[in-house]
There are 4 protein chains.
Amino acid sequence: MEDVVIRLTEKVQLNDPVFVEGLPGVGNVGKLAADYLREKLQAKLLATIYSKFLPPQVYVNEEGIVRLVAHELYYAKGKGPKQRDLLILGGDYQGISPEGQYELTHRVLELVHGYGVKELYTLAGFAQGHVVETPKVLGAATSMERVELLKKHGVVFSRTDPGGGLIGASGLFLGLGRTFGMEGVCLMGETSGYFVDPRSAEAVLKVVTQVLDLQVDFSDLEAKAKEIDRIAQKIHEAESRSSDTPTGERRDDLGYIG
Amino acid sequence: MEDVVIRLTEKVQLNDPVFVEGLPGVGNVGKLAADYLREKLQAKLLATIYSKFLPPQVYVNEEGIVRLVAHELYYAKGKGPKQRDLLILGGDYQGISPEGQYELTHRVLELVHGYGVKELYTLAGFAQGHVVETPKVLGAATSMERVELLKKHGVVFSRTDPGGGLIGASGLFLGLGRTFGMEGVCLMGETSGYFVDPRSAEAVLKVVTQVLDLQVDFSDLEAKAKEIDRIAQKIHEAESRSSDTPTGERRDDLGYIG
Amino acid sequence: MEDVVIRLTEKVQLNDPVFVEGLPGVGNVGKLAADYLREKLQAKLLATIYSKFLPPQVYVNEEGIVRLVAHELYYAKGKGPKQRDLLILGGDYQGISPEGQYELTHRVLELVHGYGVKELYTLAGFAQGHVVETPKVLGAATSMERVELLKKHGVVFSRTDPGGGLIGASGLFLGLGRTFGMEGVCLMGETSGYFVDPRSAEAVLKVVTQVLDLQVDFSDLEAKAKEIDRIAQKIHEAESRSSDTPTGERRDDLGYIG
Amino acid sequence: MEDVVIRLTEKVQLNDPVFVEGLPGVGNVGKLAADYLREKLQAKLLATIYSKFLPPQVYVNEEGIVRLVAHELYYAKGKGPKQRDLLILGGDYQGISPEGQYELTHRVLELVHGYGVKELYTLAGFAQGHVVETPKVLGAATSMERVELLKKHGVVFSRTDPGGGLIGASGLFLGLGRTFGMEGVCLMGETSGYFVDPRSAEAVLKVVTQVLDLQVDFSDLEAKAKEIDRIAQKIHEAESRSSDTPTGERRDDLGYIG
């Protein structure tokens, strides 16, 4: 079989489309953001991408129907005739080997290059190792113009973070994208790294919608964030009780979970 | 060498054949079921499939003769002129890497597609983590029609199981089969996951024979199941004795083995 | 680069050559035997085989000269005009992945097939987990004729060993060799599995030389075996002293090393 | 995508160029040496080499600009019309699998072969497991002529080191280089193996510059070495204090760090 199998669902012409990627990763921030954007924009499925670089796995839905793990590319038409269209990539897994990462990313870039994509937004989480009440959005980009643009939207470009660079699809799309002549940015929402983080996804998505001038209602994502807060709070309380020593030492240690 | 080498043993025309897969896996349920079906139907070898995605290994039989590990495809003609034929896949191992799983599955699908297969039955075990006296058969399928059909034969479609989907050949045949336009079902016999389970294989096979209207004598499989029961019982007794504490606590813990 | 690179050293015509394989493995029995045979028959280098399925490594000799790890194929002409020629394969490593094992074995089979090889002898060790004073030679073969022939030369065909089959090159050459229409046998010298075992290699080689009617002086191999004996004896004595408890329990445990 | 992607930056004619390799490895000795040589000779970028055999990673610089991990090939013209030119290979990682090592090395050799390279210098560290005040440079080569030449420049050819041969790019370039008809040497600076070692890199580079008659100012490398010395000294002192027992035993153990 081919390493990567692309099944097109329909035939479309897109207007100077922007590519947005959000695959599973740290805190699932990128995936949460891209999936939410796709739902709110009622984006339509354009291509399903199967690959031997994904796990040999099917998911089974509540009715008992199987679905092979895949990447999925959606498109959303811009509001007016002059607004740019969007291509949004989501999926069940990142490629499960370094070679698979390269191959999958390259094939998707080839595909979206064919639709005229010249600009990439990749969405990810940045693990801080402690709970972040108000997550900042860190950035990395392919050009100084883009760095300056994003700074205006509150994106933080740190001299030290991410120190080891970006590992995985979000970085690779930018790195390989340049070999296609594409420019782009990676937006990383701060997150603890301990659980899925809709609040961080919201922070990332707010930047995306501002920069691309999209109208998105964030209430559902906020509801999700509050639900996670409640769960974390309960864990926090349970752990505080079980370690309620006179010194209170352990309580402090756990402070970062609440 | 080619990644997958298919050696055809004979040339046959098959009548609307149904494909049944049972490779090694949880409790060896799928393999036990498919091998038993093949023996009882006196199915004939149609193809031997070697691959670099299987271990570099030969088996040696009691006489000292070697045999390279492989997948084997058998066929059984239907009883009357109108009964559908069967293609049954067994083998020594599943592919030993994710890529190998995809490649082997794809090549077998290509092969059976050439014989006109449009319907797949994949057989597997579902690990419950505790002994199941009367194993149920869980199902997953490619369409609601098939889900409804199987429910009539007592197959359970759980809203929660299998939660993480199906990993390995049984799921992949369904997932990749759809790219060949094939429909299918996976039948998973409940099993502890701690030993090979002929009783679970029997439960699975009873569904298969009912749905496909096949006549199979289950007495040999039942004999095997009783043999395993005896072995498990002996282990249980030995462990109960060695932990015969006044509280009997450990005895209860082990209850699930008997 | 090509997966497997074969560099021919000279151009030869061979008379119905027999192929003998001995690569590193359990107790290094196969390699010791094949290398010794090659030296004593003054076999000449015919081909060097490099591969990306071998480690990325060079060896450095005592003078400081590097040599890329490889497989090497040697040939030895038969004594009279009617005696069959020999092809002997040695090497630094077996292929370092299952795929690499298949690919390397297949390419060597292709190569020796071109020289007219129809018969394979693969040499290996069989780990018993305890010291064997007088190692037997176990066998496996591709046909009953060969099983019967080898039994006459004292080779043991056990109903139970090797229970899990043969893993690695020695088995794979037989298994894949059949797809080239070749017949063959694997000769496995019993060995502890704890150290390199020239005595086991000698046992294996004595069968090979008897069956193929070759004249080989075993004195150098016997000298090596005695050297290993001396080293093992010293370790044994040192360990016995350090565990010289009144019960002598540990002494017995170590008996298998001497 | 192609396994290895080579992007040429400019078109040059080179005069009998010598190839110098220094990729990350033990003590980062090779990389430190090659990078320093490149900077001091103001070598120019000739080719960027991307590959799926490198990690799926981008680095982010202080300004926030991403760069895909790669190998980079630089060239430096010789001082006079008769002095040979240089090709210097550096990079972020060695290939991350054995196959990747072979493939990357082979492709670079193909590339530099096209520029007329007949001679290779590969630079590496040799881990001694203890601090070496005045690191020696060990050698390995493809011919006795080169061994003799290097001995005159103080390179040590040990009968025992490196016992297990050379694993990785520095050895592989020599091993595969021979299949291109190239000769070469590997220069290994002794190093502890516990931290990056500019002093060892300096020792290696002094041999290179002597043999190739290059003028290089070593003061920056010496400054780096002293900085590492200071850090090591501080660690040493801290550890000595914390283990300042009457017997002074632990102090001695740590002596090798200072």
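Residues are numbered from 1 along each chain as its sequence is written, while chains are lettered from A and ligands numbered from 1 in the order in which they are written. Because the model is predicted, local features need pLDDT of at least 70 and side-chain atom pairs count only at pLDDT 80 or more, whereas totals for chains, interfaces and linings use all residues.

Two copies of a chain are related by a rotation about an axis and a shift along it. Chain D can be laid on chain A by a turn of 90 degrees and a shift of 0.0 Å along the axis, with an RMSD of 0.0 Å. That is the relation of a four-fold axis. The superposition is by least squares on the C-alpha atoms of residues with pLDDT of at least 70 in both copies.

Chain D meets chain A through 16 residues of chain D and 25 residues of chain A. Residues are in contact if their C-beta atoms, placed from the backbone, lie within 7 Å. On the side of chain D that touches chain A, strands E4 (57-60) and E5 (66-68) of chain D each supply at least two residues. E4(D) gives the most, with 4 residues. Helices (H or I, at least four residues) and strands (E, at least two) are DSSP runs, numbered from the N terminus. By class, this side of chain D has 11 nonpolar, 2 polar and 3 charged residues. Here Ala, Val, Leu, Ile, Met, Phe, Trp, Tyr, Cys and Pro count as nonpolar, Asp, Glu, Lys and Arg as charged, and the others, Gly among them, as polar.

E10 of chain A (residues 166-167) and E4(D) are antiparallel, with 2 bridges; two strands pair if DSSP finds at least two bridges between them. D:Val58 in E4(D) is the bridge partner of A:Leu166.

Chain A also touches chain B. This contact takes 25 residues of chain B and 16 residues of chain A. The side of chain B that touches chain A has 13 nonpolar, 9 polar and 3 charged residues. Strand E4 of chain A (residues 57-60) runs antiparallel to E10(B), joined by 2 bridges. There, A:Gln57 stands opposite B:Ile167.

Within chain C, 8 strands form an open sheet with mixed pairing, in the order E1-E3-E6-E7-E2-E8-E11-E9. E1 (4-8) and E9 (137-141) of chain C are the edge strands, each pairing on one side only. E8 (residues 119-127) and E11 (residues 183-191) of chain C pair in the parallel sense over 9 bridges. C:Glu119 has C:Glu183 in E11(C) as its bridge partner.

Helices H1 (residues 29-40) and H5 (residues 198-212) of chain C pack with their axes 8 Å apart, at an angle of about 55 degrees. Axes are lines fitted to C-alpha atoms, for helices over the stretch in contact, and angles run from 0 to 180 degrees between N-to-C directions. H1(C) and H5(C) are therefore oblique to each other. Angles under 35 degrees count as roughly parallel, over 145 as roughly antiparallel, 65 to 115 as roughly perpendicular and the rest as oblique. The contact of H1(C) with H5(C) has 10 nonpolar, 1 polar and no charged residues.

How values were computed: Two residues are in contact if their C-beta atoms, placed from the backbone, lie within 7 Å.
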